[in-house]
Amino acid sequence: MTVTDVHKDPQTRTMTITAEFDVPVERAWQLWSDPRQLERWWGPPTYPATFVEHDLRPGGLVTYFMTGPGGDRSRGLWHVREVQPPRLLVVEDAFADDEGRQSEQMPVTLMRVELADREGGGTRVRIASIFPSVEAMEQLIEMGMEEGMRLAMGQMDAILVD
Amino acid sequence: MHAHEMPDAEVDRLFHALADATRRDIVRRVMHADCSISELARGYAMSMTAVQKHVSVLQEAGLVAKRRQGREQRVAGRLDAVERAQHQLERLEQIWRDRFDRMGTVLSEPAAGGVA
């Protein structure tokens with residue numbers, strides 16, 4: 001596995017990351033289509049995921065929970081928007097409450113998974129995560145960076161002068 | 001997008017708090033220097049109550065802290081929280097790098113599930 005590209009784009013609220021694997025597209029697709037394989041990589045070892053429902057069809061629902069070291073559980077669900085096996089999967093990834101209902105307060109992230117043949121064999125997997133609000137993402141980047149901080153301070157000074 | 005070093009609810013509060021232009025501006029101002037609620041309200045042509053509400057959202061997200069000084073409440077920025085927020089973006093990248101690593105492990109094993 002090699003990560004070949006990472007792109008964080010505040011304009012389109014997207015983080016895109018691409019990796020290459022030495023297996024055919026059909027094999028890589030099973031990482032998503034088989035819930036038992038999916039749960040082996042979705043959560044970190046400290047928070048392994050268990051997928052409960054797994055209806056990978058447009059309009060279908062995928063539900064899962066992740067179990068922490070103390071037995072605490074966080075629940076999530078996917079609303080499946082697009083599926084074109086073995087190359088495309090688009091889901092809305094949401095948080096759920098203890099009863100498995102989608103949380104109203106939590107942001108929904110759009111996740112787009114694209115699998116493509118790599119020249120000379122293998123699969124290129126491209127994941128795009130799209131954030132719920134451009135303002136939130138821009139601001140996170142702007143305010144966190146040192147240059148952004150200075151810029152923000154300059155804007156603040158301008159406000160005070162007004 | 002499950003960042004587990006920081007609880008999900010906390011991440012969500014940060015995103016929600018920063019999704020509003022006035023609240024972002026309040027954060028900028030109080031990061032620079034403490035402000036009272038009334039000073040903030042003057043800057044936004046907004047009622048004290050409205051500003052209070054914004055400050056409460058920011059406070060719940062851990063972006064600002066309130067402290068009492070005499071009869072006045074001062075609002076101060078919490079730089080550590082902003083740095084943590086920015087860190088989330090890098091963490092999202094790391095989450096996917098880790099996931100790719102684990103995918104690689106799964107794919108390196110003999111095909112599972114084919115034999116009953």
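Me: What share of the residues in chain B is buried?
Reply: The model is a predicted one. A residue counts as buried if 20 or more other C-beta atoms lie within 10 Å of its own. Chain B has 116 residues, and the buried share of them is 28%.

Me: And what share of the residues of chain A counts as buried?
Reply: The cut-off is again 20 or more other C-beta atoms within 10 Å. Chain A has 162 residues, and the share that counts as buried is 23%.

Me: How many helices and strands are there in chain B, and in what order do the elements run?
Reply: Chain B holds five helices and three strands. Starting at the N terminus, the order of its elements is α-α-β-α-α-β-β-α.

Me: Is B:L40 buried or exposed?
Reply: B:L40 sits in helix α3 of chain B, which covers residues 37–44. Inside 10 Å it has 21 C-beta neighbours, and the cut-off is 20 or more. Therefore B:L40 counts as buried.

Me: Which residues does B:L40 touch, leaving out those up to four places away in sequence?
Reply: Contact here requires C-beta atoms within 7 Å. With residues up to four places away in sequence not counted, B:L40 touches B:I26, B:R29, B:C35, B:V51 and B:V75.

Me: How are α3(B) and α4(B) oriented to each other?
Reply: Helix α4 of chain B covers residues 48–60, and its axis comes within 9 Å of that of α3(B). The two axes cross at roughly 110°. Angles from 65 to 115 degrees fall in one class, so α3(B) and α4(B) are roughly perpendicular.

Me: Which residues make that contact between α3(B) and α4(B), and how many of them are nonpolar, polar and charged?
Reply: From α3(B) come B:I37, B:S38, B:L40, B:A41 and B:Y44. From α4(B) come B:M48, B:V51, B:Q52 and B:V55. By class, the contact has seven nonpolar, two polar and no charged residues.

Me: Where do the buried residues of α4(B) lie, seen down its axis?
Reply: The buried residues in α4(B) are B:V51, B:H54, B:V55 and B:L58. An α-helix has 3.6 residues a turn, so residues three or four places apart point the same way. Seen down the axis, the buried residues of α4(B) fall within an arc of 100°, so they line one face of the helix.

Me: How are α2(B) and α4(B) oriented to each other?
Reply: Helix α2 of chain B covers residues 21–32, and its axis is 10 Å from that of α4(B). The two helices pack at an angle of about 70°. That angle lies in the class from 65 to 115 degrees, so α2(B) and α4(B) are roughly perpendicular.

Me: Which residues of α2(B) and α4(B) meet?
Reply: By class, this contact has five nonpolar, two polar and one charged residues. On α2(B) the residues are B:T22, B:R23, B:I26 and B:V27. On α4(B) they are B:H54, B:V55, B:V57 and B:L58.

Note on methods. Residues numbered from 1 in each chain as written. Chains lettered and ligands numbered in written order. Predicted model: local features only at pLDDT ≥ 70, side-chain atom pairs only at ≥ 80, totals over all residues. Buried ≥ 20, exposed ≤ 12 C-beta atoms within 10 Å, placed from the backbone. Helix = DSSP H or I, 4+ residues; strand = E, 2+ residues; numbered from the N terminus. Contact = placed C-beta atoms within 7 Å. Axes fitted to C-alpha atoms, helices over the stretch in contact; angles between N-to-C directions. Parallel < 35°, antiparallel > 145°, perpendicular 65-115°, else oblique. Nonpolar A, V, L, I, M, F, W, Y, C, P; charged D, E, K, R; others polar. Arc of directions from axis to C-beta.
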